[in-house]
Amino acid sequence: SGGTKVEWALVDAGKVVKQIFTSGINTLILTEEEISQYIDDELILQLGDLARNVTEVYFYGAGCVDDDVCRTVRRAIRANIPVDAVEAHSDLLGAARGLLVREPGLACILGTGSNSCLYDGHEIVRNVRALGFILGDEGSNAYLGKTFIADVLKNIAPADLSEAFFEHFSVSPNSIMDEVYSAPMPSRALARYSRFLADH
C-alpha cells in the first residue's frame, strides 16, 4: 500500500486468484475508523463474495511506522474481514521481502514517497527514518513535484517549461496553492506533477 495506489492480491494455493487496485492511503495519518471505512468502500466492494473466503491477511503499507499504527491497521482490517491471522507491516519491509525474499541486501522504495533499508533476510536491521515529503522522501514523486511546483510559482523554472506546465494542467498559481494546502493528502497532489517532469 502506497500513497498513490494499493495493490491487493487474493491468493489461493500460491496462485493469484484476483488482483485489485484501490486508491492509495497512508495509515499514519488516518484513524482506525477511516481505514476501516476505506477498506469497506474500496476493497470489500471489489472483493464481493470472495471476501468470505479470506483466511489470512498480510498488509504492507505506507505509514505503518510502529506497533501502534500496525495494531490500528489490524483492527481496521478485522472490522471488515473477520479473521484471526492478520499481519500489518511497513511498505519497506514488504518491498524487502518481495525483492530479496530470504536473502540479505538493500531494498528501496521510490514512488509517491521514498525510503531504503538494510534487510537481513527476515527483518529490516537498519534504515534512515522516513520523514515524509516535507522533511524527507528525497527523489520521490511528491518531493520532485514539490520542488518543481515551488520553482514554477517562484518563477525560477525555465519559462518554456512553466508555460507548458500551465497549458498542460490548466491551473493557476492560486488553484495550485489551494490544491496543495487543502488536499487531504498533499503528497499525492504534488506527486501527480512529477509525471509532467518525466515527459520533459
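Reply: Helix α6 is followed by S170, whose phi is positive, near 50 degrees. The model is a predicted one, in which local features need pLDDT of at least 70 and side-chain atom pairs count only at pLDDT 80 or more, whereas totals for chains, interfaces and linings use all residues. Residues are numbered from 1 along each chain as its sequence is written, and side-chain values use heavy atoms, with hydrogens and water left out.

Helices here are DSSP runs of H or I with at least four residues, strands are runs of E with at least two, and both are numbered from the N terminus. Helix α6 covers residues 159-169, and among them L161, S162, F165 and F169 are buried. Seen down the axis of α6, these buried residues fall within an arc of 100 degrees, and they therefore line one face of the helix. That arc is taken from the directions between the helix axis and the C-beta atoms. On the other side of α6, the residues A159, D160, E163 and E167 are exposed. The terms refer to relative accessible area: buried is under 20%, exposed is over 50%, and partly exposed lies in between, with a 1.4 Å probe and protein chains only. The cover over the buried residues of α6 includes α5 (141-153), α7 (173-182) and α8 (186-199).

S170 itself lies in the loop between α6 and α7. With a relative accessible area of 65%, S170 is exposed. Most residues other than glycine have a negative phi. S170 is a residue other than glycine with a positive phi, and D137 likewise has a positive phi, of about 60 degrees, although it is not a glycine. D137 is placed in the loop between α4 (132-135) and α5. At 12% relative accessibility, D137 counts as buried.

V69 belongs to helix α2 (residues 67-80), and at 11% relative accessibility V69 counts as buried. Beyond its neighbours within four places in sequence, V69 is in contact (heavy atoms within 4.5 Å) with T27, L28, G63 and C64. V69 and A88 are 19 residues apart in sequence, and their C-alpha atoms are 8.8 Å apart.

The cysteines come next. The structure holds zero disulfides, a disulfide being a pair of cysteine sulfur atoms within 2.5 Å. C64 is in no disulfide, and its nearest cysteine sulfur, that of C70, is 4.3 Å away. C117 is in no disulfide either, the nearest cysteine sulfur being that of C108 at 7.5 Å. C117 counts as buried at 4% relative accessibility, and C64 counts as buried at 5%.

For the chain as a whole, the secondary structure comes to eight helices and seven strands. Buried residues make up 38% of the 200 residues. The C-alpha atoms fill a box of roughly 55 × 40 × 30 Å, taken along the principal axes. Among contacts between residues at least 6 apart in sequence, 53% join residues at least 24 apart.
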